[in-house]
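Thanks, everyone, for making the time this morning.

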Amino acid sequence: QNVLQMNAINSNYTDPNNLKFEEIKILGAVQEITSVTVSQNNVVENATTTITYKPLEKVAHITGLQLELGKSYTVKWTQEPSVNGRFDCYPSPNVTQEKCEQLGCLWDPASSNLNVPPCYYSSDNAYSVDKVEYTSSGLTANLTLNSAQTRANENFTTPISTLRLEVKYHLNNMLQFKIYDYQNARYEVPIPLNLPSSPTSTDNERLYEVSVQKKPFGIQVRRKSTGTVIWDSQLPTFTFSDMFIQISTRLASQYLYGFGENEHTMFRRNMSWHSWGMFTRDQPPTYHLNSYGHHPFYMALEEDGNAHGVLFLNSNAMDVTVQPTPALTYRTTGGILDFYMVLGPTPELVVQEYTALIGRPVMPPYWSLGFQLCRYGYRNDSEIAQLVEDMKRARIPHDVQYVDIDHMERQLDFTIGTHFAGLPALVNRIKEQGMRFIIILDPAISGNETNYPTFSRGMQEDVFIKWPNTNDIIYSKVWPFLPNVQVNESLPEQTQIKLYGAHAAFPDFFRNSTVAWWKREILEFYNNPTNSSRSIKFDGLWIDMNEPAAFMNGAIDGCRNDLLNMPPYIPNLGERSEGLAFKTPCMEGQQYLPDGTPVRHYDVHSLYGWSQTKPTLE
């Protein structure tokens, strides 16, 4: 094996052109070729060769050879797994050889690169395909677990025995492939996409073709025009359990853009290991709604210049690791595997096709393209008025002015503080000069007030996130501090929060009742039907802190479900050791979709900003 023997049967002829074999292509090379030796009559020659390996095609290309016609040669090569091709088998912290080998994986900490996993998969994944059914618009199949290959697993990470694969050819330039537990209902992202009511693609016009490997399971998507494989999940890392789902795929190239609305990352030949925590805060550049969220989407530029994009429709805590194979691995703590791929073929068309699927960005108003000024810490409305005049006097362009939570009475939404009593009139005056004004709103609502209509009406309309199977609100601490207390600002921040922080309730913006309540609060603050002189005629709303953010972990009395807040796998976040409730409410918080379906905050945490954005925009 791994030997090419070239025997010259007749060597009497001398070619005047001194012809030589200079390159060899090896097909079906399942591992990377790391070295080549050329020998003649058992004597190794000094050959300067270059090896190029394409893992998607399993093709190795050896160049730089000088094999003269009429002579006999032996070409030998060595295949071995490259560290760049290692898929992490123990992505949690504190891996040891014992823990690694209990999972049936290989242990080799030899690499000096700390990002290269010392514990990695060694064999095929444990699922095989059964009962593939093909139609003109896609295919379906069952995935069956080979119990003999099942690795040792903790509770809630034991692989599910039978899964369902569905592939739908929605459009000529877009397909979906979905893997789920069809015997038990699981949470799926409740946001509808813009899909045709029935697939409209045709075999002749489709830009892609899909093939399924039966044993071990794998799915491959190929661009028909070039033959380029743009998705290949025939890898050992596929696993699907109650609280840990993982799938890896090889990439068509090392030009990759995406993951996160503000994170544009491009990898070239020196592509390095990297991972994103997709459960964290992002700041999309929308014009009047500063919402937090995440988009597990990437766009890849193929070697020939074609482009495609992939959306992973999953809102659970996840991370995505990219490695130099090139390949990436998705790991998520719940939901299902639901992928949408758009085929471009240009980057511009990829973006158009992607936004046609998820919804177009909001068209910003013309005024929002002007110069905007915002900061935290304005002391009173007079300071803002003076600032506007100073900007005008200095002839500095100034189109939009903001106020942060300083304008509120003790940071209470929909209130005006005593030092900002003149704010309504100031806003009107600024607008008369052709400027615009934006105020801030936070989602957390204080429950420690004696006369706070926003909270009272929220209680009446039942809008707040509660503990499951109870009527008790989950209280944490954000803004504001308690009423009628003198805050000792010399104390550490966390001590101040513990001593003085009010009980903060979080609205469940999925509920119809919450949407109606929130819109009413905004409109009444804008119009103030009881006192029009205190109405704030803002032009835009800046919504903040809606990860949702808290100033403590979980709830005031702690979280109650250890499994949800500290699941078997914690994505690679900034505060991994603190669990999923780090500076946010408890994961067991009970929320309700518009149709009344109950959902856990554990599943919809990453949709909180989106759920607040929608009614605020409306």
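**The disulfides, pair by pair**

What we have on the screen is a predicted model, and the structure contains three disulfides. As a reminder, a disulfide is a covalent bond between the sulfur atoms of two cysteines. If we number the bonded cysteines of the chain in sequence order, the pairing reads 1-3, 2-4, 5-6.

Let me begin with cysteine 89 and cysteine 105, which form a disulfide with their sulfur atoms 1.9 Å apart. This pair links distant parts of the chain, since cysteine 89 sits in the loop between β7 (73-79) and α1 (97-102), while cysteine 105 sits in the loop between α1 and β8 (106-107), and the two are 16 residues apart. The link of cysteine 89 and cysteine 105 is right-handed, with 45° about the S-S bond. Cysteine 89 has a relative accessible area of 7% and is buried, and cysteine 105, at 6%, also counts as buried.

Moving on, cysteine 100 and cysteine 119 form a disulfide whose sulfur atoms are 2.2 Å apart. Here, too, distant parts of the chain are linked, with cysteine 100 in helix α1 and cysteine 119 in strand β9 (residues 119-120), 19 residues apart. The torsion about the S-S bond of cysteine 100 and cysteine 119 is about 90°, and therefore this disulfide is right-handed. Cysteine 100 is buried, with a relative accessible area of 0%, and cysteine 119 is buried at 1%.

That brings me to cysteine 559, which a disulfide joins to cysteine 586, with an S to S distance of 2.1 Å. Because cysteine 559 lies in the loop between β32 (540-543) and α8 (562-565), and cysteine 586 in the loop between α8 and β33 (590-592), the pair ties together parts that are 27 residues apart in sequence. The link of cysteine 559 and cysteine 586 is left-handed, with -90° about the S-S bond.

Before I stop, a word on cysteine 374, which is partly exposed, with a relative accessible area of 34%.

Technical notes:
Residues numbered from 1 in each chain as written. Predicted model: local features only at pLDDT ≥ 70, side-chain atom pairs only at ≥ 80, totals over all residues. Heavy atoms only, no water. Disulfide = S-S within 2.5 Å. Helix = DSSP H or I, 4+ residues; strand = E, 2+ residues; numbered from the N terminus. Buried < 20%, exposed > 50% of the residue type's maximum accessible area, 1.4 Å probe, protein only.
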